Every structure is written in C-alpha cells, then in structure tokens.
Amino acid sequence: MKYQNNFLCFRGYYCHRDTEGTYSFMLIMIRKLIFAVTVLLFSIQAPSQKIDPSLLKNTWSAFWITAPDAPAKGYGIYYFRKKISITERPGSFIVHVSADNRYVLIINEKFVSLGPARNDLFHWNFETVDIAPYLQQGSNVITATVWNEGEHRPEGQISNRTGFLLQGNTTKEEIINTNNSWKCLKSSAYTPLTGIGYSAYYVSGPGELVDMNKMPDGWMKNDFDDNTWPNATKAHWRGGTPKGVVDIAEWMLVPSTLPPMELKVQRFASVRKSEGVTIPTGFPGTKASITIPANTRASFLLDQSFLTNAYPELDFSKGKNATISLIYAEALFNEKPDGPGKTFRKGNRNEVEGKTIAGRRDSIISNGKDNQYFSTLNWRTFRYIQVNIATKDEPLIIEDIYNLFTGYPFQLNASFNANDKTLDNIFEVGWRTARACAWETYMDCPYYEQLQYIGDTRIQALVSLYNSGDDRLVRNAITQMDLSRMAEGITLSRHPSFSPQQIPTFSLWYIGMVSDYWMYRGDSAYVKDKLQGIRDVLWFFNKYQNVEGSLRNVPYWIYTDWVEGKTGWPGGVGPIGKDGSSALLDLQLLLAFQTAARLEAELGLPAMSALYQQKATQLQQTIQRNYWDAARKLYADTKDKDKYSQHANTLAILTNTIKGTAATDLARRLLTEKTLSPASIYFKYYLHMALIKAGLGNDYLKWLDKWKENIDMGLTTWAEISEIDNARSDCHAWGSSPNIEFFRTVLGIDTDAPGFRKVKVEPHLGDLKNVNGKMPHPKGFILANYQFENNKWSIEITLPGQVSGRFIWKGKTYSLKPGTNNFSL
C-alpha cells in the first residue's frame, strides 16, 4: 500500500483521496480477481432524473453480451474489455450498466461500480453512473468482471442466463455500448466449493477454489494485449429492454432506486491460535509478514472480535502450488453438528480453546510469483477466519490479510444515553445486527440465507426509520414484496428468491408493514398504490373463513414463531384444534382487518373500510366466544382449550379483543404464567407491544434478559432463536426491537398521525433518572431529555419546525409546539 499525492495506490490501481485525507472509494481488480478496498464509499450513482427518458420507453441499442463458449446458465466467471477513444475529457458521460448474475466495472484501472442490486426478472435493476471522472483524453479501456454462480448461486439471486449490458445515456455515450466489438474471455481459474461442512439450511452461495496459475496477468491494464481474445457474442437477439416496452423480454429493466453499498477497511483484532507457524508482533498488518517454509502445514485463527460481512483480502507471494484455505465462521463449535439431529453447541462465542471450526470456505493455489492477491467475488460473513496453509517445494509468504466491510450505507442518526453500559451494549449490538442484515435487500441472516422475509423485515424497517431515517431500503422491501404476490392473492414469504416460498401469516404482517410506512413516512400516492395488494391478501384469507369468520385449513406454511421447549409447535406452526381452529390465525387476521380498514378509510374506498370493519367485528366476537377461557382468564390456542401461549394472548391485547383493566390483568399473567408457550426473541417484539399497550410500559427495561444473555454468551449480534447455545444463526435482526423501543417506549417518541405529521411523546422511564436521546424525523430530529433532580423532573422535548404534538405524563396531556418545549413536573 502506498500513497501518491491525492491518490491511494494498490499495485498500480488508483482511487481518489479526499482533501480531508479519507478515501472516497475503491475496488481493485487484481490479476482477474476482485480486490475491494474502501474506507468511505463515495456515491457515484447518477440521479435517476439524468436517465434519458427515451431509454425507458424504447429498446436499447446496447445488447446483452456473453462469451462465445459460455454456458447459458452454468457456473462461470468472465472478463470483458473494450477500448474507446475520445477527443477531449467530457464534463459528463452517463452510462447504465447491468449483468446476470453480477458485475464489477473498472475504467482505466479504477473501480467504478458493482451490482446490479438484487431483484427479479420482471424488475431487473440497472445502475446509472457518470463515468466522466474516470475518462481521459485519447484512449480509454473499459473492463468488467461478470460472474454467474449457476445452480450454486445464492437463493436470493434470481437469474436468467449469463450476460453483461452497458448502455450510453445519449448518442454521445453510445460509443461504450455492449455489442460484438467487445472482447471477452471465460476464466478457467475458478471452481465452486459447495457446502459448509455440516448439515444446516444454507443457501448463501458457494465458496471459490482459485488457481492463480490459470489467471491471465494484467488483463485490466490499459496496455494489455487482448488481440487473442475472442469477440463477445449476443446473449439475446434484442437490445436491452426496459420493463413494459416489448412483449417478450428476458430481463425487464428498471432503474435501481438504491445507493451504492458501503465498503470500509477493517483490520482483524487478533490471532487467537496458530499451529506450524510463529505469528510475529504486528501481524496481520502492513508492518509484519509470515513465511511458511517449504513442505509445511500451518494454520492460524483470526478473530475480528465482532461478526461482520466483508470481502476478505489476502496479499501473498512465492510458494509455487501452495494451497491456502480460508474457513469462515460466526462462532466456533463445542461439537461439530455433522449428523442428523445433532445440535450446534456453540457455547460462549468469545471462547476458542478446545473448539473446532466449520463453515463456508475458499481455497487458493499459489502461482509462485510475487504480489499475488485474493479476494472473493461475493462477500463473506464471519467473526472468525481460520487460514490453513500447505506448502510444496517453496516457502510461501503471507504479507497481509484484512477485510472490507460491506452493507447498505445506513448512517446512525439516533442516540440513546441512559448512563447504563448494559443498555449501551444492547443498543450497539442491535445496530450492528441491523446493519449486518441489510445489503441490497434486508436479510434474515447474512451467513446462512441472505433472504428478505417479511416477518423479519417489518422489524428491521422500523429499526431503520428510528435509528437512521433512511427509508430507501424500506420502500424497496415493500415494493418487492408487493410485486411478489401470487395469483391466489398472498405475497411470497421472501423475495427475491428463486424458490418461491409461501407463509400466509407473513402476508398479514406485510399489511402491518405498509401501515408502519404510512404512519412514519406518509407518501399517500405510494401507500395508496399498495392497497390493491392488501385487498388481494385478504381475499386469499376470505376463501378459508367459515360462516363465523374463523379460519380453517389455510394452506402452505402457517408459521408463527420458533417456540422452544413446548410440544404442539412443529416447524414454528402454532397449535391447531381438532376442528381446525387456531386462535393465532384468527387473531392475526383480525389485526390485519383492523389495519386494512384504517388504511382504506384514510386512503382508499370507504366501502372497503366498512366491509373490513364488519368482518373484524364478526371475527372478534367469534374469537371471544371460541377461545376465551374464563376459568384461567386466558385465551387458549384452540377451541379445545388444552394449549395456551404468550402469542395468542399478545394478539388479543393488540386487537383490543380485551381492553382496560382486564387487559392489564392479562398482561401480568403473560409475565408470570409459566405454562404458556413462550415468545422467542423475534415475537417478543409483539409481546412487548402488548404489555406496553396494557399499561406495563414502565417495566420495559426489566424484560431484556434474553438480550443480556446474548451479550453474556459473547455474541456481538443477536442470535436467531432464544436457545442461544444451539442457535444456527448468530445474526438475526428480528431481535433488534430494543433499538425501536428505547425510543418509542422508553423515551416515548411515536407517530401520532400519518407521515409523522404529529408526534406523541409518552415516556416509560422505569427506574431511570437521567436519560436522553435523539432520533430522526422526516422534518429533522426529535430530542428528548429527562432529568430527575431535587424530587422533580426536568423535561425537554424538541420537535422539528412546523411539527407539533402532545406530551403525556402520568395520564395528563400537554401540548407540544414546534421547537423546544420545557416542563418541570
């Protein structure tokens, strides 16, 4: 690594350095591999208004191209090159770029763009980039790496066939268009590595075996001779086709609405273990290297100290035909879960002695030369990386190893200060988890699935709004789920996903997610556009209601929650009665009817609102009649009244099926009745909402034992399930609900009108005597400060300009005006 004026240089590839000394962006392509190094990502995506309108209405003059010998759908990595000449450096040069599966674009040996953001074939994203800063007078070389992981690709990566597309915005830029004037070569260096070494639901894509002996040297350099490369061929006879332009299009192109993903350099915290090699002080780092002698096996275990998503970066030299293997793990195992029925048994995540590692892996074969570099095509998730090395007849030098964090570029614009280190840790871990589960879509977990499930995403979206205020990924998620709807009416449970999955209960949570967006962000035109989808979802459920309105025989996976230690919850499905009855399904449908009725009244058709209100009233009466157990003063899970859960009683409170002091009494039983099937860390979001609604909000901070247990067990992100030792995934953002409730419940800040036009502040401080915080609002920021001194509360609430609201304290309501409001109570 070296510096030259305002540029950071990595082996001849330069990226701009800002005047403040930070580095705008870079993704270095080295010897056919992607080498991503970035400190701060500079947004190079051109605003959508710069897209020539004619490009969205007509077939493009650029063609999807591929290599002559490329299998249409099989695994492969491809290199593309194009030389162009311009008479003078332009002030603007806008292009639109896409690929299947993915691409990295390099111009004149400088990183420009990567993508496209994941979507489906009916809405295939292209990125818009102004490449003028990368062009020079005279000759210019455009290169791209495109890869298709074929049948091994991540479940979230929908695909048609291998292809690359680059279109100039206007006639001036069409010199860059993809066609058969481009050169293309299929790489022979890559082989996919499948599996993770143990049995688990894993669908995040393969590892890579890369033989550096087969990498063509310097192919991205401007002076590289590509005369022996074949010309690219068209992947489709028609040019690029924007959505709606033609009757048959293999990729229906739409402009991406997302910013570029963040990339940031990260150093490993420590080397925890090593065998066969002595680790010098300062390694890994730029000041120390290690040499593995010839004919030697060696290994060392790197600890990032927290779970992260990143591109591993490895610099090495010599060691002809030596093999280097990298194994990635969220945690080490006490016992490897390598057989049916075996549990994960991870124990404390900080502990490594006596444990074993298993997981996704990459392998490299050295070509024996100096200055070799390895990075992965797609990022990896890990806290730990074990590096295994086996040399042949020549020593191998490991010069450096580090990584580049990547994720959706959320900025933390909220703060919560309670002078409590435990709460600080919960907030920090929650934000880290939320960031690790947000990329080009929200993700349930980054290691195993990388899939955008509605149940997870609803909670993640509210974390985004409360902690960052950036709503672009929220809108993207709502839009994608709306567009996933089946002809039967329901959304898919997750999208994008090339294997369609149906969880009808998640479609009901989707209605809640649209309502959340309406209340916290507004945009009546956008939300109104989603009403037909909501009607379709409820139409699906209507087909399975009996004359009482109760649901029977709903198809697909009727998931509610992962309930530990209780029978009658197979695969997360709540108890079903002998007659097919389910309080859980009926109550969730009731909540959806109530939510839809309000949305229709405010944005849609009054007749639909009245219909939903009528259906809700009937169903609520049926629920009370069928499931209320007067003797136990609980709602049963079925009409048989033989099983009871926190879930059904939570939903009864949230739907106002029980109200007032009766609801408060029920809420207390939810906390003390040990026979109830317990809510997991996921469903505690709804449980806590119900407890707060019933008047117990001042105890919220006493309900965080599961989050404290995660931290005590060494987790740096929230585990998927409540049984932490046996959790498959160590990173599930559906557990980040405290990052909402610290603001909505403790500080008491909530929306009181669609679009957050009005603010309600009703704090639940518990035992706190000194707490303050700030959160983003569409019009600015909301600040709350509570100080208890001399037996009095000094309270300051600050609202954005032109935003008013109400402050509720011990049952009394006070008006809030725009700006600062002070109270002494």
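Where does N101 lie?

1. N101 lies in the loop between β8 (94–100) and β9 (102–107). Please bear in mind while reading that this is a predicted model. The peptide bond that leads from D100 to N101 is cis, with an omega near 0 degrees, and this bond deserves a look alongside the loop in which N101 lies.

2. A cis peptide bond also joins F283 and P284, where omega is about -5 degrees. As for its place in the chain, P284 belongs to the loop between β21 (270–275) and β22 (290–292).

3. N295 is not a glycine, and yet its phi is positive, at about 50 degrees. This asparagine is found in the loop between β22 and β23 (297–318). Is N295 buried or exposed? The relative accessible area of N295 is 56%, and because the cut-off for an exposed residue is over 50%, N295 counts as exposed.

4. K318 is another residue other than glycine with a positive phi, in this case near 65 degrees. K318 is found in strand β23, and with a relative accessibility of 34% it counts as partly exposed.

5. Turning to the helix α13 (residues 738–746), 9 of its 9 residues are buried, so the helix is largely enclosed by the rest of the structure. After α13 comes G748, which has a positive phi near 85 degrees.

6. Which strands make up the open sheet, and in what order? The sheet is formed by 4 strands in the order β32-β33-β37-β38, with mixed pairing. The strands β32 (749–751) and β38 (812–816) stand at the edges and have a single partner strand each, so that one side of each is left without a neighbour in the sheet. Direction ignored, neighbouring strands of this sheet are turned by 25 degrees against each other on average.

7. Within that sheet, β32 pairs with strand β33 (residues 758–761) in the antiparallel sense, over 3 bridges. Across this pairing, I749 stands opposite V761 in β33. In general, the strands of a sheet pair through backbone hydrogen bonds, either parallel or antiparallel.

Conventions: Residues are numbered from 1 along each chain as its sequence is written. This is a predicted model: local features need pLDDT of at least 70, side-chain atom pairs count only at pLDDT 80 or more; totals for chains, interfaces and linings use all residues. Side-chain values use heavy atoms; hydrogens and water are left out. Buried means under 20% relative accessible area, exposed over 50%, partly exposed in between (1.4 Å probe, protein chains only). Helices (H or I, at least four residues) and strands (E, at least two) are DSSP runs, numbered from the N terminus. Two strands pair if DSSP finds at least two bridges between them. Axes are lines fitted to C-alpha atoms, for helices over the stretch in contact, and angles run from 0 to 180 degrees between N-to-C directions.
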